[in-house]
Amino acid sequence: PFAGPAPDGTRGVKMALAEFGGKINGHPIQLIEEATDATAATAVTKAKKLVEKDKVSIVFGPLSGDEGVAIANYAKTVPSVTFVNSSSSASETTLVAKAPNFFRFHGDAAQWNGGLGEQAVKMGYKKIASFADDYSFPYANFGGFAKGFCDAGGEIVKAQWPALGTKDYSSVISAIPAGVDAIYAGVGGSDAVQFLTQSLQFGLKKPLIGGTILVDSSVLAAKADIVTAAIGTIAAGPVPPADYHSAEWDSFVASYLKVPGHYPSPSIFAILYYNSFKSLLAGLKAAKGDVSGNQKALRAALGSLKWNTPTGPLSMDKNRNAITSTFIYKVVSDGKGGATTQSIIRRDNVAQGTKVYGRVNSCADVK
């Protein structure tokens with residue numbers, strides 16, 4: 001499901017590595033890359049191959065929610081190896097698994113949607129229907145939205161949970177109640193492109209509230225005719241909108257636009273993989289490249305890491321999960337027949353909550 005945007009994560013890794021000259025304390029960093037398919041079983045199989053056959057010192061990844069939970073649990077069986085997450089954002093990964101050798105240098109999916117629910121109510125979206133892919137990342141992402149939305153007086157009229165990789169959203173669209181103010185769509189990658197395309201075909205007219213990856217730059221850059229459907233969508237996540245500027249972000253974007261195959265702007269995978277891999281390299285540098293003794297020096301450095309990333313200040317909590325920034329934005333026309341994103345608000349020092357969300361079908365599920 002993420003075969004299209006996933007290579008942007010590799011671009012982010014290589015950007016970070018280039019900043020360190022490919023070495024730490026004179027030791028070259030060797031990358032061995034394995035592809036997964038967004039399933040837990042494949043992720044663990046590939047991780048075991050890297051650990052047992054390739055004898056890696058560090059496992060970096062994975063991309064998707066269920067994969068991350070499985071890898072964090074696997075990490076506990078391999079205490080001599082350090083695991084650094086790349087973009088997987090299920091809450092359970094750090095709230096439940098709590099592997100002492102697993103680090104996540106970005107927020108979880110619930111953090112990313114903090115504040116979006118309140119923004120939706122402010123815009124008059126008091127009754128919504130929702131649908132989202134049926135796995136851990138959308139559970140947390142929608143849960144983070146629903147908590148703020150319901151506390152602000154909103155009502156979830158109907159929730160649907162299609163399978164990841166759904167190609168035909170006609171039944172989902174036809175089941176959306178007529179009386180809602182807006183629709184929350186928690187899909188990404190090829191699923192997002194399919195839904196946005198079909199929403200036009202079926203004449204869906206309701207405003208959209210996006211899960212974090214519905215209107216990522218990798219989706220907005222798709223060749224499918226989705227611009228009309230996407231414009232007006234509000235969303236939130238760890239990626240700054242197109243009109244955001246800071247010295248760190250502008251420098252990152254300038255470097256990104258020099259990388260072959262890039263999107264018009266960095267995708268969520270590019271920035272998460274970059275921030276996470278640069279955090280890993282910074283930890284290795286602080287530990288002077290020492291990965292002996294169960295990598296104690298490295299893990300101490302990673303657990304106490306603080307730096308000003310392109311997307312804002314980053315620090316770590318007691319569960320080795322990042323305290324970081326999120327952005328609330330809307331999709332607007334770029335005046336050239338395409339779509340771009342426009343800032344509503346940036347929220348700093350957003351910490352992980354304590355609740356792990358399953359399927360949220362009504363406001364009763366987040367009380």
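The legends below describe close-up views of a predicted model.

Residues are numbered from 1 along each chain as its sequence is written. Local features need pLDDT of at least 70, side-chain atom pairs count only at pLDDT 80 or more, totals for chains, interfaces and linings use all residues, and side-chain values use heavy atoms, with hydrogens and water left out.

**View 1. The largest cavity has a volume of about 110 Å³.**
A cavity is a set of points, on a 1 Å grid over the protein atoms alone, where a 1.4 Å probe fits but cannot get out. Its volume is the space filled by probe spheres set on the points, which are joined across faces, edges and corners. Lining residues have an atom within 4 Å of a point. Here there are 14 of them, and Leu 63, Ser 87, Phe 137, Ile 213 and Phe 269 lie nearest the centre. Helix H13 (residues 268-286) gives the most to this lining, with 3 residues. Helices (H or I, at least four residues) and strands (E, at least two) are DSSP runs numbered from the N terminus.

**View 2. The second largest cavity holds about 60 Å³ of space.**
Its lining includes Phe 105, His 106, Trp 112 and Asn 275. H13 and strand E13 (322-333) each supply at least two lining residues.

**View 3. Strands E3, E4 and E5 form an open sheet in the order E3-E4-E5, with parallel pairing.**
Strands of a sheet pair through backbone hydrogen bonds; two strands count as paired if DSSP finds at least two bridges between them. Strand E3 (58-60) and strand E5 (102-103) are the edge strands, each pairing on one side only. Between E3 and strand E4 (residues 82-84) there are 3 bridges, and Ile 58 stands opposite Thr 82 in E4. H13 packs on the sheet and touches E3 and E4, its direction making about 165 degrees with that of E3. Contact means heavy atoms within 4.5 Å. Axes are lines fitted to C-alpha atoms, for helices over the stretch in contact, and angles run from 0 to 180 degrees between N-to-C directions.

**View 4. Strand E8 (residues 182-186) is mostly covered, with 5 of its 5 residues buried.**
Buried means under 20% relative accessible area (1.4 Å probe, protein chains only). Ala 182, Tyr 184 and Gly 186 point one way from E8, while Ile 183 and Ala 185 point the other way. E8 pairs in the parallel sense with strand E6 (residues 127-132) over 5 bridges, where Phe 131 has Ala 185 as its bridge partner. E8 also runs parallel to strand E9 (residues 208-210), joined by 3 bridges; Ile 183 is partnered there by Leu 208.

Notes:
On a 1 Å grid over the protein atoms alone, a cavity is a set of points where a 1.4 Å probe fits but cannot get out, and a pocket is an open set with protein on both sides within 12 Å along at least five of seven lines; lining residues have an atom within 4 Å of a point. Buried means under 20% relative accessible area, exposed over 50%, partly exposed in between (1.4 Å probe, protein chains only).
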